[in-house]
Amino acid sequence: MATRSLLREKIMIILYQYDLMSSNKLACDIEDIIKDNIDFENDFVKDMVYGVITYKDELDALANSKMKDWDITRIDKTGAAILRLAIYELKYTDTPFIVVINEAIELAKKYSDDNVRKIINAVLDKIVKEENV
């Protein structure tokens, strides 16, 4: 059985691939992308992936409202996927915020540069302090 940390990493990769294909106007089926990345059924993965895709505009708007002179489209696609996943998890699940932030930072350390990691950390901190999540 995969850990939640490993599943979050898979979700981030799925979201990254979906965003990359969508932004390049390539045909993409989210179910196919999920199946390519995870070889077993998992409700957590599906719930998170579909949730982030469904609420992407809202998640981006919230992220952008917490950044000064910056926005989510300027962050690399990996960092954006991590940030969207974390914001979705903060807003729509009962996962403790400290877990969400720690998991996002660990993913950012692995997949993004230091500046993106700092942005993700700052945005998530502001959301926790200002948004009553």
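Visitor: Let's start with a single residue. Leaving aside its neighbours within four places in sequence, which residues is Ile30 in contact with?

Guide: Keep in mind that this is a predicted model. With sequence neighbours within four places set aside, Ile30 touches Ile14, Tyr18, Val49, Tyr50 and Ile53. Ile30 itself is found in helix 2.

Visitor: Is Ile30 buried or exposed?

Guide: The idea is to look at relative accessibility, where anything under 20% is called buried. Ile30 comes out at 10%, so it counts as buried.

Visitor: How do I read the way two helices pack? At what angle do helix 2 and helix 3 pack?

Guide: Think of each helix as a line and look at the angle between the two. Helix 2, residues 30–37, packs against helix 3 at about 140°, and the axes are 12 Å apart. Helix 2 is therefore oblique to helix 3. Their crossing is right-handed. On the helix 2 side, Ile30, Glu31 and Ile34 make the contact, and on the helix 3 side it's Lys46, Val49, Tyr50 and Ile53.

Visitor: What about helix 1 and helix 3: at what angle do they cross?

Guide: Roughly 40°, with the axes coming within 10 Å. That angle makes helix 1 oblique to helix 3. This crossing is right-handed. Helix 1 brings Arg4, Leu7, Arg8, Ile11, Ile14, Leu15 and Tyr18 to the contact, while helix 3 brings Phe44, Val45, Met48, Val49, Val52 and Ile53.

Visitor: And how does helix 3 lie relative to helix 5?

Guide: The axes of helix 3 and helix 5 come within 10 Å and cross at roughly 105°. Angles from 65 to 115 degrees count as roughly perpendicular, so helix 3 is roughly perpendicular to helix 5. The contact is built from Phe44, Asp47, Met48, Gly51 and Val52 of helix 3, together with Arg84, Leu85, Tyr88 and Glu89 of helix 5.

Visitor: Now the faces of a helix. Which residues of helix 4 are buried?

Guide: Here's the general idea: an α-helix has 3.6 residues a turn, so residues three or four places apart point the same way. In helix 4, residues 56–65, the buried ones are Leu59, Asp60, Leu62 and Ala63. Looking down the axis of helix 4, you find those buried residues within an arc of 165°, so they line one face of the helix. Their cover includes helix 3, helix 5 and helix 7.

Visitor: Asp60 is on that list. What is it in contact with, leaving aside its neighbours within four places in sequence?

Guide: Asp60 contacts Ile72 and Arg84, once neighbours within four places in sequence are left out. Asp60 has a relative accessible area of 10%, so it is buried.

Visitor: How can I check the length of a helix? What should helix 6 span?

Guide: Count 1.5 Å a residue: the 15 residues of helix 6, numbers 97–111, should span 21 Å, and the end C-alpha atoms are 21 Å apart, which agrees. The buried residues of helix 6 are Val100, Ile101, Glu103, Ala104, Ile105, Leu107 and Ala108. Among the elements covering them are helix 1, helix 5 and helix 7.

Visitor: Last one: backbone angles. What is phi of Lys25 near?

Guide: Phi of Lys25 is near 60°, a positive value in a residue other than glycine. Lys25 lies in the loop between helix 1 and helix 2, and it is exposed, with a relative accessible area of 74%. Asp69 also has a positive phi, near 55°. You'll find Asp69 in the loop between helix 4 and helix 5, where it is exposed at 66% relative accessible area.

Conventions. Residues are numbered from 1 along each chain as its sequence is written. This is a predicted model: local features need pLDDT of at least 70, side-chain atom pairs count only at pLDDT 80 or more; totals for chains, interfaces and linings use all residues. Side-chain values use heavy atoms; hydrogens and water are left out. Helices (H or I, at least four residues) and strands (E, at least two) are DSSP runs, numbered from the N terminus. The expected span of a helix is 1.5 Å times one less than its number of residues. Buried means under 20% relative accessible area, exposed over 50%, partly exposed in between (1.4 Å probe, protein chains only). Contact means heavy atoms within 4.5 Å. The arc is that of the directions from the helix axis to the C-beta atoms. Axes are lines fitted to C-alpha atoms, for helices over the stretch in contact, and angles run from 0 to 180 degrees between N-to-C directions. Angles under 35 degrees count as roughly parallel, over 145 as roughly antiparallel, 65 to 115 as roughly perpendicular and the rest as oblique. A crossing is left-handed if the near helix is turned anticlockwise from the far one by less than a right angle, and right-handed if clockwise.
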